[in-house]
Amino acid sequence: MNNPVDEGAALLHRELNIRREIVIRPRIGVLAFPDSYLFERYRFTSQSITYIHNLIRPYIYNITNRSHALTSQQILCVVLRFFANGSFLYNVGDAEHFSKATVCRMVRKVCLALKRLLPSLWFSLDINLSEPSRRSSTGLQIICDAAHIISNVEAKWSGSVHDWRIYHESNLSNRLQRGEFDGLLLGDRGYHANLV
């Protein structure tokens with residue numbers, strides 16, 4: 001004779017343990033969109049995205065196809081969107097339907113691939129700190145190397161100052177022009193094209 005409490009618990013457990021249906025959203029090939037759309041979201045054209053993808057694909061592709069793993073092109077495009085809008089991991093994840101942790105892993109994977117290919121690469125981050133109560137802002141430029149070590153900070157500009165001016169008048173710009181460093185500076189289109 002079975003214990004009625006055990007049977008009731010088993011019945012309740014079976015009824016409450018309803019499994020959710022797994023919904024897998026189809027991913028659209030990013031390069032199917034026109035260049036104007038791509039440039040607005042990723043700051044690159046389809047030709048540029050393909051070029052970068054071909055360079056770093058061996059370092060960022062997923063070994064498995066289990067659980068509908070992302071392609072290396074999808075990984076690159078999510079990271080380019082993160083770089084392009086200067087937003088938080090949550091915002092990019094929400095826009096692309098990924099978790100913050102997934103976006104973080106993608107950014108790390110692409111940054112390590114870029115570091116491997118371009119060991120003398122520097123990244124520029126522009127921040128505009130504003131104080132709504134004072135209605136003022138400060139332009140801040142931070143440059144770090146491929147090892148993620150901050151090598152230059154410019155924080156002396158108040159108000160709205162163009163990225164190129166901050167860079168052009170920085171100590172790092174003068175040192176690069178004198179040939180003290182050899183490398184590339186990766187920044188947004190606010191930086192003049194003749195940096196490299």
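Which residues of α4 are buried? Keep that in mind as the first stop comes up. The model on screen is predicted.

**Stop 1: helix α4**

Select residues 72-85, which make up helix α4. This helix has 14 residues, and from its first C-alpha to its last it reaches 20 Å, close to the 20 Å expected at 1.5 Å a residue. Now colour the buried residues: Ser 72, Gln 74, Ile 75, Leu 76, Cys 77, Val 78, Val 79, Leu 80, Arg 81, Phe 82 and Ala 84. With eleven of its 14 residues buried, α4 is mostly covered.

**Stop 2: two rings at Phe 82 and Phe 83**

Show the side chains of Phe 82 and Phe 83. Their rings form a tilted aromatic pair, 6.1 Å centre to centre, with 50° between the planes. Are these residues buried or partly exposed? Phe 82 has 18% relative accessibility, so it counts as buried, the cut-off being under 20%. Phe 83, at 35%, is partly exposed.

**Stop 3: Phe 33 and Tyr 37**

The count of aromatic pairs comes to two. Phe 33 is partly exposed because its relative accessibility is 29%. Tyr 37 is also partly exposed, with a relative accessible area of 25%.

**Stop 4: where α5 meets α6**

Select residues 89-96 for helix α5 and residues 100-117 for helix α6. Two packed helices are described by the angle between their axes and the distance between the axes. Here the axes come within 8 Å and cross at roughly 105°. The two helices are therefore roughly perpendicular to each other, since angles of 65 to 115 degrees fall in that class.

Next, show the side chains at the contact. From α5 come Leu 89, Tyr 90, Val 92 and Gly 93, and they meet Lys 100, Val 103, Cys 104 and Val 107 of α6. By class, this contact has six nonpolar residues, one polar and one charged.

**Stop 5: Arg 43**

Finally, select Arg 43, in the loop between α2 (35-42) and α3 (46-60). Arg 43 has 36% relative accessibility, so it counts as partly exposed.

Methods. Residues are numbered from 1 along each chain as its sequence is written. This is a predicted model: local features need pLDDT of at least 70, side-chain atom pairs count only at pLDDT 80 or more; totals for chains, interfaces and linings use all residues. Side-chain values use heavy atoms; hydrogens and water are left out. Helices (H or I, at least four residues) and strands (E, at least two) are DSSP runs, numbered from the N terminus. Buried means under 20% relative accessible area, exposed over 50%, partly exposed in between (1.4 Å probe, protein chains only). Axes are lines fitted to C-alpha atoms, for helices over the stretch in contact, and angles run from 0 to 180 degrees between N-to-C directions. Angles under 35 degrees count as roughly parallel, over 145 as roughly antiparallel, 65 to 115 as roughly perpendicular and the rest as oblique. Contact means heavy atoms within 4.5 Å. Ala, Val, Leu, Ile, Met, Phe, Trp, Tyr, Cys and Pro count as nonpolar, Asp, Glu, Lys and Arg as charged, and the others, Gly among them, as polar. Rings of Phe, Tyr and Trp (its six-membered ring) pair if their centres lie within 6.5 Å; planes under 30 degrees apart count as stacked, over 60 as edge-to-face and the rest as tilted. The expected span of a helix is 1.5 Å times one less than its number of residues.
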